[in-house]
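This report describes selected local features of one protein model and its ligand. Please consult the sequence and structure shown below while reading.

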Amino acid sequence: MSIILDGKSLSKKIEEELKLRVAFLKSKLNFTPKLATILVGNFPPSISYVNMKKKACERIGLESEIIKMPEQTTTQELLNCIQILNQDKTICGILLQHPVPKQIDERACFDAISPEKDVDGVNSSSFGNVALGKKAYKCATPMGIVTLLKEYKIPLVSKHAVIIGRSPILGKPLAQLLLNEDCTVTVCHSKTQNLKEIVKTADIVVGAVGKPKFITADMIKENVVLVDAGYNEGNVGDIDLENCIQKCYAYTPVPGGVGPMTIASLLTQTVESAEKLAEMS
Ligand code: NAP
């Protein structure tokens, strides 16, 4: 029987601990620390993600404000909004919901978020510092994945992790975190040749492609650990889990695996930031 890496139950456990930390914080501050979430446009999955994050903040006692901006927002308008939030002392975290409309320079906007408030770990300075093993906020989904693997004591040292996908918010930062855990890491992408042969050599396979059931049973070796970060229409991941489960040692379900851990990581880093704010006040 393979082990289910249950992100839903771990995230609940994390939230319980965060709730206590927030209650303690509120007794020290004369305001409730807030996560500001910027939503540009009306992309339905993004609307649902920001609402989920708002509810999660409320569950642990943090305030959350969703700043809605129109679809035609310019880069400069978004930069101006981020600058205002950077200066607001009641805001301990800023999250820019990804993806933003095409006319916006997303990288410039991510990088405008003050590193002290970058609780989603998306700016270049956070990425660089984390890559070098320095203290900085980590990208939320990769952090959630590593937290989940560690909770279940999945061996990482010397293991070969193959990540399929190299986006700046998922595949690349996860590669850095797993390298920091002494994994040997291979990152695959759309130009990778012999993908199946590479995936077959993996002890840990991470689906971060955004293509339903892209990783199939014939691509994996026996006793592999499967991490499915993909979230496609109809609650389908990037791994054909149904047919892979018999072969694997452990796997993350979809839903209930990586998704809740992303939110738990965001909350954890928001509370850390609020604690730093409390120390300074
Ligand atoms: P993305 O920016 O579209 O990146 C997809 C990656 O997959 C790219 O690096 C791309 O390669 C690679 N790829 C595409 N086709 C491929 C192929 N045929 N063979 C090998 N690699 C291929 O997507 P993302 O934002 O990283 O998201 C990936 C998935 O994770 C999506 O399903 C998304 O919904 C999900 N996600 C989930 C969470 C969560 O909290 N659960 C958070 C973030 C993302 P190139 O670089 O060469 O184009």
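## Two loop positions

Ile245 is located in the loop that connects helix H9 (241–244) to strand E9. Helices (H or I, at least four residues) and strands (E, at least two) are DSSP runs, numbered from the N terminus. The model is a predicted one, in which local features need pLDDT of at least 70, side-chain atom pairs count only at pLDDT 80 or more, and totals for chains, interfaces and linings use all residues. Residues are numbered from 1 along each chain as its sequence is written, and side-chain values use heavy atoms, with hydrogens and water left out.

With a relative accessible area of 29%, Ile245 is partly exposed. Gly237 belongs to the loop between E8 and H9 and is buried, at a relative accessible area of 6%. From Gly237 to Leu266 the separation is 29 residues in sequence and 21 Å in space, C-alpha to C-alpha.

## Ligand site

The ligand is surrounded by 21 residues, of which the closest are Arg166, Ser167, Ser190, Tyr231 and Thr262; a residue is counted if one of its heavy atoms lies within 4 Å of the ligand. This shell consists of eight nonpolar, 11 polar and two charged residues. For that division, Ala, Val, Leu, Ile, Met, Phe, Trp, Tyr, Cys and Pro count as nonpolar, Asp, Glu, Lys and Arg as charged, and the others, Gly among them, as polar.

An N or O atom in the side chain of Ser167 is 2.6 Å from an oxygen atom of the ligand. For the side chain of Ser190, the distance from an N or O atom to a ligand oxygen is 2.6 Å. Tyr231 contributes a polar backbone atom, 2.9 Å from an oxygen atom of the ligand. Taken alone, the ligand exposes 920 Å², of which the protein buries 71%; accessible areas come from the Shrake-Rupley method with a 1.4 Å probe.

## Cis peptide bonds

His98 and Pro99 are joined by a cis peptide bond, with omega about 0°. Pro99 is found in the loop between strand E4 (91–96) and helix H4 (106–112). A cis peptide bond also leads from Val254 to Pro255, where omega is near 0°. Pro255 is placed in the loop between strand E9 (250–251) and helix H10 (258–280).

## Positive phi and a helix cap

Lys213 is a residue other than glycine with a positive phi, near 50°. The loop that holds Lys213 runs between strand E7 (204–207) and strand E8 (225–228), and Lys213 counts as partly exposed at 41% relative accessibility. Asn223 is located in the loop between E7 and E8. Its phi is positive, near 65°, in a residue other than glycine, and Asn223 is exposed, with a relative accessible area of 56%.

At helix H5 (residues 124–131), Asn123 caps the N-terminal end, with a side-chain oxygen 3.1 Å from the backbone nitrogen of Ser125.

Key
A polar contact is a pair of N or O atoms within 3.5 Å; within protein, one must be able to donate a hydrogen and the other to accept it, and residues adjacent in sequence count only if both atoms are side-chain atoms. Buried means under 20% relative accessible area, exposed over 50%, partly exposed in between (1.4 Å probe, protein chains only).
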